[in-house]
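Trainee: Could you take a close look at the salt bridges here and walk me through how they connect?

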Amino acid sequence: MAIADKLVLTRQRHLKWRSLDWLELALMMLCGVLCFGFSLSVTADIVTRTVGHPWLWLQEVTSTLFIYAIFIGTAAATRRNDHLYLTAISEAMHGPPRLIVEVVIRIVVLGVAACLIWYGYLNYLRGFGSFRLPSGTPIASLYAVIPVSGVLIGLFTIEQLVNGLRNGFDHPEPPNESVAPPDAHAQARVQP
């Protein structure tokens, strides 16, 4: 099984365009790299402080990786329908009430995306007046990911909204093939 098959969810396929699968794959891989880098930099920071020779720039790297992972992860989670809206409420409904709730939820998420784009961009511009220590890098380097995340969240929400209105939001999910049937464990114990 290819890595793309493992990282791009087939769940709720009716709400996704195949042409954006590469973007979901790239975001998931980037999230993995960011989380690994964050863990590595925290470990290195602890080790260097413990031995009495701290690398102060590691705190900047750690905060940057953490912030980028949060906002890129939020965009990826939006594509995967894992974040930013109340699925439990909508999944309990059927027919017109579900359609209304799904549309309202996605309109709210679009509003959040618009705020991320607008205010994130304003913070990015203001960030050139403040600098991080000890590197002297403009703090705008931290804020750059916020409007990018907003654009991605908006794109994925529009994708779901268009496909949901076109195909319907209420589709039964296919059974999960990776989960063994309940009797498989009992059969495995019986066989020698």
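Mentor: Happy to! A salt bridge here is a side-chain nitrogen of Lys or Arg within 4 Å of a carboxyl oxygen of Asp or Glu. By that rule, a search of the whole structure, which is a predicted model, turns up 9 salt bridges. Side chains of opposite charge can pair when their charged atoms come close.

The part to look at is a network of salt bridges linking Arg13, Lys16, Asp21, Glu24, Arg79, Arg80 and Glu159. Start with Asp21 and Arg13: their closest N and O atoms are 2.9 Å apart, and both residues are buried.

Next comes Glu24, which pairs with Arg79, the closest N and O atoms being 2.6 Å apart. This pair links distant parts of the chain, with Arg79 in helix H3 and Glu24 in helix H2, 55 residues apart. Arg79 counts as buried because its relative accessibility is 0%, and Glu24 counts as buried because its relative accessibility is also 0%.

Glu24 forms a salt bridge with Arg80 too, and there the closest N and O atoms are 3.2 Å apart. Again distant parts of the chain are linked: Glu24 is in helix H2, while Arg80 sits in the loop between H3 and helix H4 (87-91), 56 residues away. Arg80 has 13% relative accessibility, so Arg80 counts as buried, the cut-off being under 20%.

The largest nonpolar core has 18 residues, and Leu23, Leu27, Ile72, Leu152, Ile153 and Phe156 touch the most other members. H2 (21-50), H3 (57-79), H5 (96-126) and H7 are the elements giving two or more residues to this core.

How values were computed
Residues numbered from 1 in each chain as written. Predicted model: local features only at pLDDT ≥ 70, side-chain atom pairs only at ≥ 80, totals over all residues. Heavy atoms only, no water. Core = buried A, V, L, I, M, F, W, Y, C linked by side-chain atoms within 4.5 Å. Buried < 20%, exposed > 50% of the residue type's maximum accessible area, 1.4 Å probe, protein only. Helix = DSSP H or I, 4+ residues; strand = E, 2+ residues; numbered from the N terminus.
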